[in-house]
Amino acid sequence: MYVELKDINKHFGDFQAAKNVGFSIEQGALAALLGPSGSGKTTILRMIAGLEHPDSGDIFIDGVRVNNVEPSRRFIGFVFQNYALFRYMTVFDNIAFGLSVKKERPEAIKERVRSLISLIGMEGLDNRYPAQLSGGQRQRVAFARALAPNPRLLLLDEPFAAIDAKVRRELRAWLRDMITKLGLTSIFVTHDQDEAIEVADQIIVTNQGRVEQMGSPMALYKEPASPFVAQFIGNSTIIKNFGRLKGFEGAPPEAEGAIRPEFLRIYTQNDTIQYQTSTEEAVVERLAFRGDSLEVGLRLKDLSLSASYSLEKKPISVGETVRVLIYRLYAFDGDQASLLHNHHLGAHPQGYSYII
Amino acid sequence: MQHHQANKRNIPGFGLSLGLTLSYVSLVVLIPMVSIVIQSANLGWLGFWKTVIDPRVMASYRVSFLCSLAAAAINCFFGVMLAWVLVRYRFPGRRIMDGLIELPFALPTAVTGIALTALYSDKGWLGGPLAQWGLKVAYTPAGIVMALTFITLPFIVRTVQPVLEQLDPVYEDAGRLLGASGGRIFRSIILPEITPALLTGFGLAFARGLGEYGSVVFIAGNMPYKTEIAPLMIFSKLQQFNYGEATAVALVMLGASFLIMLAINTIQARAAGYVKE
Amino acid sequence: MSTGNDRPLRLLLIIISVLFILLMLVTPLVVILVEAFRSGLEAYTKAVTDPYALKALKLTGLATVAAVVLNTAFGLAAAWAITRFSFRGKGLLTTFIDIPFAVSPIIAGLVFILTFGRLSYLHPFLAAHELKVVFATPGIILATVFVTLPFVAREIIPVLEARGTDEEQAAALMGAGFLTIFRRITFPHIRWALLYSVILCAARAMGEFGAVSVVSGHLRGKTNTLPLHVEILYNEYQFTAAFAVSSVLVAAAIFILVARNIVEFTARKESDYVR
């Protein structure tokens, strides 16, 4: 493992920012630290960089314990949340800074900076100041500045937070391609699940200073280990005592479950329904057009659920009573999580492809 | 997200800069200030008390307090008006007027003192006409107030001005569209916005007025019980090498400045909290 | 702003303001100049080039330079320590730095008399080594340094505070040392504020009266600064000479005001550009 954290704890006064945090990342991987704000993800990133120091635990980079290594000797490239570009230096000087403090030859610096400027596609802008650049351009400069001294690990703190929604999508793809092309081990922090899923090949979900789960985006989606992960990735509704729902009878009353929109199927009263007896009655509370489908807000007993409904089907309206089939749900029991199928459907669980 | 404090080891120069700062502050400020404490300990409670309740000293406190209060109050009025005019109106000479506001800071106080005395004495350009109206300014408390008004004017203007600059005129437009009169707009919309700054400026002006010496001694006339200010009491006790009594008078003034600074800090902390919500 | 119906009010407020400034601030300046030249150019020149006046000018210059140099170095160190690091007692330190602004100049003079004068515990030591602080040049310099101590620190701290430490952290992470970080990253941000505060510091140092008056002992030709010289002339009823010397200080004050405005204007223009 290239980067490894073991049993990291960190307090800021009474606030515990990291509780027994441990994970490892392979060489060349692009990992995301994903969590809500205050979950400790930025602190973890800063500890890897050496900008914060853990109260206990070990950090290894390339097999060497770096706890007592100066930040500047860890050979890490760091892209700060607001980029921290040097406002009184030009694009060229910003990128050259890390090389010039290492006292490299001026010609070598010039050559390296030129090649980085062309890598980020900003030829001709070398003499601009950061204030004269767009948000996306600033991010690219920050990226090039971090890469200039040839770091062995790249850390990015909310790299897309300061950019407009529209440009953000393009930049995500750009950054992903760039990092993959360079084969540089990278870790970035984000609170945006879409961003993590789209960019990272490995996601570490953090919550209240703890690592909740770690894995590929698909694994986290398909097998969430906790209600938190189920809710944070995808768009789940957490419900208590799901044993009262048809098809899930017999579950212990304290068990928690999570239902994703794609686990529900909506039928109008006139539809012919294959599993009539296993459907629940629900009222349409809200309809929102989502481009290719309708997002339907349902009131089912005391539960508020969200489902999607194809535009190809019979139109439904707010206030209408519909029938809802719950195909499956995630059941959580302490640390255990499992996917439960509606037992009325017999031994033929429907695949994702069918439901969606 | 700002849990992380700046980490000591991230940015270099901590030991050097803090070491320099602490030694310098200790040498120039702390050690000299401590000598006041030592000196007053030598004086003892009784000596302190006897000095402070001396009628002439008490009178000097009253003169300093009332004149500073009056000057600060006058500047609250004119200071807000000047700040308003400088921020909201464009007219020829505005920049020069803006630049002149700091004149009282730049002009040596002794120079201010003799200039104001010449101006407001019975034979002066302004003092002459005023004397014919029966208004004596130089060598009366009015003269002290005049000098303190001059000296403390920039405090109010320069604390209120930035707040007015940041106040979007859109609020006034909104008030006007809702039918509020000019006076009503000022009272309900502008005044609440500038009040914390105004109070801060008032406090700074008041504190400066209490301690001011150079500009006042010339115009005051320094008559015991009437126009003798507290700093002058300290000065004359020092001239008589009466260090103990000088220290006692100074201690009371230090207490007063401390209370004013405390009040200013409280106002600023409150204002900051209010805006954050 | 352009509603039009507030025109009379606007005009009234502008007129009152202009009159107030003319009456309060400008007439005293005019009085000084008129009084200075009342007895003709020759008397003016004589007063200004009087040996005592020149000696006072020299001492004022010395005290001002000392105050500016020392307090600039201190202000930069203090601003660096206070805004770049967190440590216990930071609030207390900031309060200590503010003390000279909060106390009367007379008290500032008093504390130096108590610390170095006859009654001080240091006095036997100073006397044994024939070191004179009070009623001598070192006392004048110390008092001036004391009253102007907060100027630079107070001006720089908010500027650095508002900007955060990101850029310095980024540079340190890339291995830059203290001098590189200060010279290439921090200094460009604070240069205008620094210049501005140096100007204010110089203005106050040059004009300081109360504190210097207490520690000087009024030894003519030895411990007199220009403002003290003005006082002595005035108290000796040499009014023309007093105003003549004052006019030199007025010129310096106006120079300072102009410089201050140029600096502020330039800084504003630049901040539009780099933000």
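**Labels and what backs them**

Tutor: Let's start with Ala251(A): leaving aside its neighbours within four places in sequence, it is in contact with Phe242(A), Gly243(A) and Ala331(A). Keep in mind that this is a predicted model, where local features need pLDDT of at least 70, side-chain atom pairs count only at pLDDT 80 or more, and totals for chains, interfaces and linings use all residues. Residues are numbered from 1 along each chain as its sequence is written, and chains are lettered from A and ligands numbered from 1 in the order in which they are written.

Student: What makes two residues count as "in contact"?

Tutor: Their C-beta atoms, placed from the backbone, must lie within 7 Å.

Student: Why is Ala251(A) called partly exposed?

Tutor: A residue is buried with 20 or more other C-beta atoms within 10 Å of its own, exposed with 12 or fewer, and partly exposed in between, with C-beta atoms placed from the backbone. Ala251(A) has 18 such atoms within 10 Å, so partly exposed is the label.

Student: Where is Ala251(A) found in chain A?

Tutor: In the loop between β11 (237–240) and β12 (256–259). Those strands are DSSP runs (E, at least two residues), helices being H or I runs of at least four, numbered from the N terminus.

Student: What makes something a nonpolar core?

Tutor: It's a set of buried Ala, Val, Leu, Ile, Met, Phe, Trp, Tyr and Cys residues joined through C-beta atoms within 7 Å. The largest one here has 161 residues, and Ile234(B) and Leu110(C) have the most contacts inside it. Helix α3 (residues 51–84) of chain C supplies the largest share of this core, 14 residues.

Student: Which residues does Ile234(B) touch, leaving aside its neighbours within four places in sequence?

Tutor: Ala246(B), Val249(B) and Ala250(B), plus Ile106(C), Ile107(C) and Leu110(C) from chain C.

Student: How many residues make up the contact of chains B and C?

Tutor: Chain C gives 75 and chain B gives 71. On the side of chain C, helix α1 (residues 7–36) gives the most, with 16 residues. That side divides into 55 nonpolar, 13 polar and 7 charged residues. For the classes, Ala, Val, Leu, Ile, Met, Phe, Trp, Tyr, Cys and Pro count as nonpolar, Asp, Glu, Lys and Arg as charged, and the others, Gly among them, as polar.

Student: How is chain C divided into domains?

Tutor: Into domain 1 (1–36) and domain 2 (40–274), with bounds from an automatic or database domain assignment. Their centres, taken over C-alpha atoms, are 31 Å apart.
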